[in-house]
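This report describes the packing, surface and charge pairing of one protein model.

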Amino acid sequence: QALARPPERRLHLAADGAAEVLYMVASLLASDRDSQQGGGMTPAAQIYDQLSLHLRPGDAYATVLLAQIQERNERYGDAIATLERVKTDATFGWTARLAIAGNLTRIERRDDAIALLKTMVEERRDRSDAAETLADLYRQAERYPEAIGAYDTAITRTTNFDADDWR
């Protein structure tokens, strides 16, 4: 059966193909439980991922993977710097900003995390995840009235509840 139009090309240059292969290898190494000794991740995963980024700078998939590797190795400041390179309008832009907030909390920059999450709550009134994350952060800081307000916001923005929402 003939296609109405040819499929979109994901790879335009040989370097794109090489970058994709390097990213795939990095992803496999990063997910291999045997290579994660002592809670860290194999340096090979990071090396392959950085080579991928060298060939295809700005690739959101490889950038987020690099940040995940850095997080798992408890290099939260590096992970923040890496995630800040993801464009906010990119596929992973929102997720990257949520991860930045989590990493800011891990390095005792709770106020910066709160400020970022408040901005995100206002930006996307159709989403509940930033409000829920903000509420959790307030709760952990024992700022209960603010937590209640943020949870209320998250609940009003949630349209379909399922079993995972009741934790």
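## Basis of the description

Helices (H or I, at least four residues) and strands (E, at least two) are DSSP runs, numbered from the N terminus. The model is predicted, so local features need pLDDT of at least 70 and side-chain atom pairs count only at pLDDT 80 or more, while totals for chains, interfaces and linings use all residues. Residues are numbered from 1 along each chain as its sequence is written, and side-chain values use heavy atoms, with hydrogens and water left out.

## Loop residues with positive phi

Glu74 is placed in the loop between helix 3 and helix 4. Its phi is near 60°, a positive value in a residue other than glycine. Burial is described here by relative accessible area: buried means under 20%, exposed over 50%, and partly exposed in between (1.4 Å probe, protein chains only). Glu74 counts as exposed because its relative accessibility is 59%.

Glu142 occupies the loop between helix 7 and helix 8. Phi of Glu142 is near 60°, a positive value in a residue other than glycine. With 57% relative accessibility, Glu142 counts as exposed.

## Nonpolar cores

A nonpolar core is a set of buried Ala, Val, Leu, Ile, Met, Phe, Trp, Tyr and Cys residues joined through side-chain atoms within 4.5 Å. The largest such core has 27 residues, and those with the most contacts inside it are Leu98, Ile100, Leu117, Met120, Ala130, Leu134 and Tyr138. At least two residues of this core come from each of helix 3 (60-72), helix 4 (76-83), helix 5 (93-106), helix 6 (110-123), helix 7 (129-140) and helix 8 (144-157). A second, separate core comprises 9 residues, including Ala26, Leu53, Ala62 and Leu65.

Contact means heavy atoms within 4.5 Å. Ala130 is in contact with Trp94, Leu98, Leu117, Met120 and Val121, leaving aside its neighbours within four places in sequence. Ser52 lies in helix 2 (residues 43-55) and counts as buried because its relative accessibility is 0%. With its neighbours within four places in sequence left aside, Ser52 contacts Ala19, Leu22, Tyr23 and Ala62.

## A nonpolar surface patch

Patches are made of residues with over 30% relative accessible area and no salt bridge; like charges are joined within 9 Å, and nonpolar side chains (Val, Leu, Ile, Met, Phe, Trp, Tyr) within 5 Å. A salt bridge is a side-chain nitrogen of Lys or Arg within 4 Å of a carboxyl oxygen of Asp or Glu. Accessible areas come from the Shrake-Rupley method with a 1.4 Å probe, and for residues only the protein chains shown count as cover.

Val21, Val25, Ile47, Tyr48 and Leu51 make a nonpolar surface patch of about 410 Å². Helix 1 (14-31) and helix 2 are the elements that give two or more residues to this patch. The largest share, 3 residues, comes from helix 2. Ile47 lies in helix 2 and is partly exposed, with a relative accessible area of 48%.

## Salt bridges

The structure holds 10 salt bridges. In one of them, the side chains of Glu20 and Arg56 meet at 2.7 Å, N to O. Glu20 lies in helix 1 and Arg56 in the loop between helix 2 and helix 3, so this pair ties together parts that are 36 residues apart in sequence. Glu20 is buried, with a relative accessible area of 15%, and Arg56 is buried at 12%.

The side chains of Arg75 and Asp78 also meet in a salt bridge (2.9 Å, N to O). Arg75 is partly exposed, with a relative accessible area of 31%, and Asp78 counts as partly exposed at 36%. Arg139 forms a salt bridge with Asp136, the closest N and O atoms being 3.6 Å apart. Because Arg139 and Asp136 are 3 residues apart in helix 7, about one helical turn separates them. Arg139 counts as partly exposed at 40% relative accessibility, whereas Asp136 counts as buried at 16%. Salt bridges that share partners join Glu20, Arg56 and Asp59 into one network.

## Surroundings of Arg127

Arg127 is found in the loop between helix 6 and helix 7 and is partly exposed, with a relative accessible area of 28%. Not counting residues up to four places away in sequence, Arg127 touches Trp94 and Arg157. The C-alpha atoms of Arg127 and Thr156 are separated by 9.9 Å, with the two residues 29 residues apart along the chain.
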